[in-house]
Amino acid sequence: RSLLRQPKLYFYDVGLVTGDEGRRLENLVAVCLQKRLSFLEDGDGTARTLHYLRTKDGREVDFVTVEGGKPALMVEVKASDGALTAGLGFFNERYGLPGVQLVGDLRLETDRGTLAVRRALPWLSALEA
């Protein structure tokens, strides 16, 4: 009951996205994740979807991938802040979900157990492998 799924709008044509760098990066991540999930689903037939998580009290994560009806990976997107977000920590602690925070401009990548902070573009490029 505490988790809500709220629709967000993303464009396949990232050039249509207006606003700051963070908004454009979040849209790019959404498109890349959806493309990868569709590719995997086409390959093995396992249903895969992409969602947004937010509690009633405002804790949120930009994306959670769901595979076969079960949450698999949380993804948070930031333009430049490398500090791990509270939302990732909350959902990781509460539900044991692994997660990654993708940052557009990041100096140092870090790992904290099942949570990681990564440079966005190299991580997205590795999805294609």
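This note walks through some features of the structure, point by point.

1. **Ground rules.** The model is predicted; local features need pLDDT of at least 70, side-chain atom pairs count only at pLDDT 80 or more, and totals for chains, interfaces and linings use all residues. Residues are numbered from 1 along each chain as its sequence is written, and side-chain values use heavy atoms, with hydrogens and water left out.

2. **Helix 1.** Start with residues 21–44, which form helix 1. Helices here are DSSP runs of H or I with at least four residues, strands are runs of E with at least two, and both are numbered from the N terminus. Helix 1 has 24 residues and spans 35 Å from first C-alpha to last, close to the expected 34 Å. That expected span is 1.5 Å times one less than the number of residues. After the helix comes Gly-45, with a positive phi near 80 degrees.

3. **The buried side of helix 1.** Which residues of helix 1 are buried? They are Gly-22, Leu-25, Glu-26, Asn-27, Val-29, Ala-30, Val-31, Cys-32, Leu-33 and Leu-37. Buried means under 20% relative accessible area, exposed means over 50%, and partly exposed lies in between (1.4 Å probe, protein chains only). The cover over these residues includes strands 2, 3, 4 and 5, and also helix 3. An α-helix has 3.6 residues a turn, so residues three or four places apart point the same way.

4. **Tyr-52.** This residue sits in strand 2. Tyr-52 counts as buried because its relative accessibility is 9%. Its side chain makes a polar contact with the side chain of Glu-60, at 2.6 Å. A polar contact is a pair of N or O atoms within 3.5 Å; within protein, one must be able to donate a hydrogen and the other to accept it, and residues adjacent in sequence count only if both atoms are side-chain atoms.

5. **Strand pairing.** Strands 3 and 4 run antiparallel, joined by five bridges. Two strands pair if DSSP finds at least two bridges between them. Glu-67 has Lys-70 of strand 4 as its bridge partner. Two residues lie between the strands of this hairpin, where Gly-68 takes a positive phi near 60 degrees. Strands 4 and 5 run parallel, also with five bridges. There, Val-77 has Leu-102 of strand 5 as its bridge partner.

6. **Asn-92.** Look in helix 2, residues 86–95, for Asn-92. Asn-92 counts as buried because its relative accessibility is 18%.

Technical notes:
Contact means heavy atoms within 4.5 Å.
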